[in-house]
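Dear colleague,

Please find below the structure that I am handing over to you. My notes on what was found in it follow directly after.

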Amino acid sequence: MKKLSAFTICFLLLKLSFILCCLTEPNCFLRINKSEDKHGDMRTDCGFFLRTLEGPTDHYYEEIFKHRIPERRYEFFMVLFFATDEINKNPYILPNTSLLFVNTVDLCHDTLDVLDVLHSPVNNSEDFINYVCQENGLCDVDLTGPSWKTSLKLTIQSRTPKVFFGSFNPNLSDHDQFPYLHQIATKETYLSHGMVSLLLHFRWTWIGVVISDNDQGIQFLSDLREEMQRHGICLAFLNVIPETLQMYMTKAMIYDKQIMTSSAKVVIIYGKMNSTLEVSFRRWEYLGSQRIWITTSQWDVVTNKKEFSLDFFHGTVTFAQHRVELAKFRNFMQTINYNKYPVNVSESMLGWKYFNCSISKNSNEMDQFAFNNTLEWTALHKYDMALSEEGYNLYNAVYAVAHTYHELLLQQVESQKTSGVKGEFTDCQQVSSLLKTRVFINPVGELVSMNHRENQCAKYDIFIIWNFPQDLGLKVKIGSYFSCFPQSQQLHLSEDLEWATGGTSVPSSICSLPCTAGFRKIHQDGTADCCFDCVQCPENEVSNETDMEQCVRCPDDKYANLEQTHCVQRAVSFLAYEDPLGIALVSMALSFSAITILVLVTFVKYKDAPIVKANNRILSYILLISLVFCFLCSLLFIGHPNQATCILQQITFGIFFTVAISTVLAKTITVVMAFKLTTPGRRMRGMLTSGAPNLVIPICTMIQFVLCGIWLLTSPPFIVRDIQSEQGKTVIICNKGSVISFHVVLGYLGSLALASFTVAFLARNLPDRFNEAKFLTFSMLVFCSVWITFLPVYHSTRGKIMVVVEVFSILASSAGLLGCVFVPKCYVILVRPDSNFLQKCKNKLLH
């Protein structure tokens, strides 16, 4: 099988990427570079001066360019040919006058050699036209660039007005120090804003920065850091590359280690080509550093790769000053007059940086043609020259000078000067002053201003560039940035942008993975803000966004869901009659109440039975009635609480249990008095027969009334909403109010029960077959056991369980009293009615 050439493989793969071109057409360009300099193009600087001449100039360039035009600067020459031709055909600019340019010495061939000669002590400066004061004193405007250092050296030696067409450089913007030097490019004031907007768009928060160690680089770093800090973007590493090679080499290994080991996948580069910064870039490329490079348009260079890869991390994102496409330039290149301009268009393609690839995507010959001969390929395909930023600046510079010359000619006509030649200007200060204030609209409709002190809007075109083998590359416009738009509209990127890998997923450059909803960030001491750990939100707190610093606590009526991403409305909960526990407790309360009523009915029916008459029949009735109310008062604890039920719960509980316990105490005293006083006197017998022990009940009850009254006056019970006891629910319960008052009431009941237990315990061994003191002792033992157990259990629970425990304790203690005191009596009454031992006891006592 025949092996495909490298060109065929590249263009087949490039064809797959033409969808990118369709997104931004006609801003998709294919780059070919056949320069012998494999370390990049745009290496040398050029110098031109513009002059005006009257009359035809058809053979002017044939005489000026007797030698071959240098390939490396074909773009600049072609732009000058086009711009001057366009101006000369325009009747409204320099009418009846031709604008022409001259290449200064051989500056485009070898900048450094020319400058070395220029600054040589033995040099006769008068031999270098336009860079020193000429003998004829003409002030033709010079065009220099794209290196600012070259322009600076040339400016020091001359008072001739100059226009620098390279990227804007603050070192050249001091008009007091350099009154004759002007820049056509706009300031890069908003470059850092545009880059940070791009980082934010792709959520790249962990960034490396590499700059040159000079004033321009430090200023850019200051602006960039301010923007990054304002938007929460962190600096992973910073390399400030020294400008001297000797100093750079001492730290080169440190720079290499930083960039190769850093987890940051995006690196911003700012600085000039032909510097130690470029040396670093080449080293990192050789070491295989796979990064996303974000930089300016001048770093759009051919990288001489041998391997082939479409990995996005091998690409470069560049910010270039926005420029409108010169549609007429294409027609000029395709219809150029070779008799007038001594150029070879096919050869010019070899030194060109880009041509438009969008016209090639429909070519049917692409798959079959072996692109080994670039000249042959360019002859078969139409092409669209894609100007570099410096080329477009040069185009505007020519127009700025033309408008200045036009103004000077008008002033010459108005002043009616007779001396001198029309179109020749000798007042360099006047030329420079007019040039500095030029504001005009170029032929493609863009406003150009030479006054950079005004706060101008900045507009950048954003390109993505991939390098391929054999010095091929693909450059695609992916968006733009316009500083004058509202902040939300400043950055515009293609919505359906595809990466070089063929997918739409955005490569990430972050220090820590984002904290998802339900988690919050925790920063470690000594680390950048972008480096953090993620921990889950505390209980009942939520975070509904990524990378939240703090979780938000849910309101009391809401609770956090299981993922802790949002608050959910709580359901209201209480011990309802419909709940299983509520049904069980209500059933128990009603059942015991019914049983107690049946016992009371039985005692009333058999009121003359000896066992009923024994030990005060009235006390038995009171105890049974109080027990009925004790059982029924538990119903107040069931159902939706309100303020009334909260108060009644504790008051009825305290009063009715006090009546019941005080009645048991009265019965116990009666039993003791009946059995212990075997030889009572008249007074003691009178007390027993008159029912004096029954006074214990109202006295004890009155004391409890007082205690409950104090409780209600100081801190009455109230409704509370418990959000802790049940997940996702708000439990409505009654708070006791004063905990001390609650325990005082409960303690008072306990003291009555203890007194009854003590008295009954002393009478437990009274000689008789049926000793009621024993049953009273058991009843008080059960009562005390229930409430002693109640206290720790009650305080260890919360929510509805607390209510259940209290209701159960009320029912259990009441049932204990009912069972221990009355079940044996009912047994005697209903099962063994013939048993009359109580009556016999009574007879013995009476006789």
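Valine 831 is found in the loop that joins helix H24 (800-830) to helix H25 (837-846). Together with Tyr606, Tyr827 and Leu830, Val831 forms a nonpolar patch on the surface, and the four have about 390 Å² of accessible area together.

Please bear in mind that this is a predicted model. The chain has a mean pLDDT of 76, with 72% of its residues at 70 or more. Over residues 1-26 the pLDDT is below 50, although this stretch has 52 contacts in the model beyond near neighbours in sequence. Where pLDDT is low, the predicted coordinates should not be read in detail.

The largest nonpolar core has 72 residues, and Phe603, Trp787 and Leu817 are among those with the most contacts inside it. Helix H24 gives the most to this core, with 15 residues. A second, separate core comprises 51 residues, including Val141 and Tyr399. Beyond its neighbours within four places in sequence, leucine 817 is in contact with several residues, among them Leu627, Ile661 and Phe783.

The whole structure contains 11 salt bridges. In one of them, glutamate 806 meets lysine 736 at 3.3 Å, N to O. Glutamate 806 lies in helix H24 and lysine 736 in the loop between strand S26 (729-735) and helix H22 (739-762), so the pair ties together parts that are 70 residues apart in sequence. Glutamate 806 is buried at 2% relative accessibility, and lysine 736 is buried at 10%.

Arginine 282 forms a salt bridge with glutamate 278, with the closest N and O atoms 3.1 Å apart. These two residues are separated by about one helical turn because they are 4 residues apart in helix H10 (residues 276-286).

Yours sincerely

Key:
Residues numbered from 1 in each chain as written. Predicted model: local features only at pLDDT ≥ 70, side-chain atom pairs only at ≥ 80, totals over all residues. Heavy atoms only, no water. Patch = residues over 30% accessible without salt bridge, like charges linked within 9 Å, V, L, I, M, F, W, Y side chains within 5 Å. Areas by Shrake-Rupley, 256 points an atom, 1.4 Å probe, with all protein chains shown as cover. Salt bridge = Lys/Arg side-chain N within 4 Å of Asp/Glu carboxyl O. Core = buried A, V, L, I, M, F, W, Y, C linked by side-chain atoms within 4.5 Å. Buried < 20%, exposed > 50% of the residue type's maximum accessible area, 1.4 Å probe, protein only. Contact = heavy atoms within 4.5 Å. pLDDT = per-residue confidence, 0-100.
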